[in-house]
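Open the structure in your viewer and keep the selection tool at hand. The tour goes from one selection to the next and says what is found at each stop.

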Amino acid sequence: MMTRGDRPCHDAAQPVPQDRPVHLSLSEINALCLKAARGAGLDWGEAEEAGWAASWLSRAGLAGPSITLAWLTEAASLARPAPAPGRWMAAKGAQCPLRCGIALADFADLPEGPGAYAITVERVVHPLMLLPFVARAAVWTGFGHEVRWRDHDVMPSATDLRHLADPTADEPADLWISRVERPLEPDTGPDRTPPIPGIDWADWRALDTLALRITVPSSTQSRSGAGATGTDND
Amino acid sequence: MPQAAAFRRTPTEVMRLARLGCSHPTRLSFLRQLLRRIEAEGWAFDRPLWEIDAQGVGRAIYRMTGPEGSLSLVAFAHDLPAEQRSDRVIATAWDATFTLYDGTPDAADLDRLAANVPLQEAGRVSRRELSLSRANRSVRLFDHVVAKLADGQQPDATMLRETGYLMRTTAVYGAGKFGAADRAMIAGRPALSAPFQAEMLSVWLIRAFTVDLVEHLAQVRGGNQAVRLGADLRRDLGVGNSTGLGMAPFLVRHPVLLNNWMMVREEALALVRAREHADETALAGFRAALAAAVRNASEWQSAHPVQATKLDDLRRGLAKLEAHVAREWPTEVRHPWDGLWTWGQTHLPLEAQEALLAAMLEPHGHLVDGLTQAMQADEDAPFGIDGAMRVADLRAILRTHYDWAIGRDYDRPDQCARFWYISEEKLEPRLGARFEEEGASLELPLDTGRQAAALWRALGDEAGNAPVARFLLAHPEHRLIVRRAQITARYPFAEIRDNLIDVHMLPIDLLRCKLALFGASRFDPRSDRWVRISLFQGAFYPDDMHPGDAS
């Protein structure tokens, strides 16, 4: 109740020393990354997906906000996907992981998605960002989905994925995604998920700066209209 | 419950701002759910720490222990100069600050909390904390009560009744705010699974703290002469809340939750209307609830012109209803409750219709209380978009659920006069005048009607059998409203069916709806976007539970 709405932790994390990680709750991570994505120029619906994905990755023990930031810094130059049965080609350069992920979930029940046949999504940067959407496609279709890239082979669900946090995780990769005829593993629930990793202060600051782009400076008119008329010393 | 189907109201009728802005608290409200659970499970209360000095400064702990363990309100009382007292979110100091701790805090926890909780937004709490809040004194009443009790007298009952509380909270944050535990961490615990239970518990314990504080200060001042607050006066005190636009967008951003809250209330009403007969116990309970509503309406004050008119509607409507119930309402016929409800639709203003709803639910706890289990929501699962849906089906959803939106001309200045945005200063939602203020390019997507109309136009160029996934690939700008539309098709009470950027839109209608769901009474707007309310007035205290109080 009386919640003030989701907000980036601008005020809140100010006292956090710069040499220490910033610890945010999942809802703060979602709100911060949503606003940062919107501040970076994404449409609201896509920005919502970015916030959700960052929160999902953090819940799995990965550095959701840092992955989001790394993607956002080059998002404008990344290609949108062209879903087609079997292979999503990267004809115009490296592909955007958020938009590939969104399309993957949206097309989960369509011939272009990983249904009866596996698909390959070519040259996706920051491939970890695709995992939340593969997990969503799995929930949506009721089947587990397997993702392979480089030497990784995972069935994403919101469990512990910390072993995927390697230094080359951001580099472009071809992803092979296949539906497996196995029922979904049940979600382990919040009690058994790994701790939410702290965020590097500089990454938090950069995301916060992007988030602040969607705010409006106060004016005398906006201040006067926002509160009560009269005193609070009554 | 097929017998109730014929008695359900439609979302088209219910989800209009004019009606939502007449919402009254009911027995399904979140604070009533909390009190019922505390009483049914016999939670134990104690106050393991009270270190408040003669100036009213210090710290205290209020602990409730139930079957799942303990929850402790940690209170910090401050010495606040009058010039710093502001209910606005821009304030940086308060008379008291609080957090709800999951368990019993040790000395290290208390030190950590003492360094952060008084700072509120500028501090950080941890996953062990479930809420963060603050309160300011209702100065005139607070001082009066302390002075009288110190003198060995009881305070003026009229003054107490008029204000209704000693302190008012100015924010109660929960669900992951400022580092607190995420909702997902506690949603599986029965005591906290219903919406806003941690926040409600915090406010209920704050109410006890406010009374303890005035009695403590009276004792310091009056010594042996001082008396405690009389039981009846104490019980009539609630805890106030002062709130602004910040909470308004919540209802728009949580469509599935809104649906579940409204659907449960509507199902409860339908179940009562579907009753074949009215038994004597229910009739007596209803008459008592109606009499209480009349009393409440007579004591409910507001100087705001909109609310004053509505209060007038309410009082006249309730008087008419009382007369009808006493002299004309046939209770021996089949479906008597439905008969009463139908009469009310024709003869009562919206304010009194919604008050009638609350009174009709009141004596039917055995029938409706169980429905509240459906008020929480998994918001994650419905977040995904059904990309395989055909464009023709999406159009049909818009025709069915957004007919109020798609025919409007949003280029007309009166239809798009407002815009919602986040203030840079405090990161708070605010409402601007599009043609008078800067910032419309940074508008928040609360213009749901306008977005639906834009989607409707864009879909006009698409083949009916094309999948929505293909449409969104080319038009990502419509993703947000496609998601909302698909949610609304499955959760029909998810969308407020009014233009939220209209020149005549009243933000206080959104606030009234949400606050009534909490269980707030005495809705008192201080402007068209800022209100005071009271919570827990008339409820029992942690240290005086009696069987039947929370029924």
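Helices (H or I, at least four residues) and strands (E, at least two) are DSSP runs, numbered from the N terminus. This is a predicted model, in which local features need pLDDT of at least 70 and side-chain atom pairs count only at pLDDT 80 or more, while totals for chains, interfaces and linings use all residues. Residues are numbered from 1 along each chain as its sequence is written, and chains are lettered from A and ligands numbered from 1 in the order in which they are written.

Now pick Tyr421(B); its bridge partner in S9(B) is Arg430(B). Two strands pair if DSSP finds at least two bridges between them.

Show the three strands together: they form an open sheet in the order S6(A)-S8(B)-S9(B), with mixed pairing. Strand S6 (215-216) of chain A and strand S9 (429-433) of chain B are at the edges, each with a single partner strand, so one side of each has no neighbour in the sheet.

**Where the chains touch**

Select the contact between the chains, which takes 54 residues from chain A and 72 residues from chain B. Two residues are in contact if their C-beta atoms, placed from the backbone, lie within 7 Å. On the side of chain A that touches chain B, H2(A) gives the most, with five residues.

**Chain A as a whole**

Select chain A, which has seven helices and six strands. Of its 234 residues, 54% count as buried. A residue is buried if 20 or more other C-beta atoms lie within 10 Å of its own, with C-beta atoms placed from the backbone.

**A helix in chain B**

Which residues are buried in helix H18 (residues 391-401) of chain B? Select Val391(B), Leu394(B), Leu398(B) and His401(B). They cover an arc of only 110 degrees around the axis, which puts them on the same side of H18(B). The arc is that of the directions from the helix axis to the C-beta atoms. Finally, show what covers these buried residues, including helix H19 (403-406), helix H20 (448-459), helix H21 (468-474) and helix H22 (479-490) of chain B.

Definitions and conventions: Buried ≥ 20, exposed ≤ 12 C-beta atoms within 10 Å, placed from the backbone.
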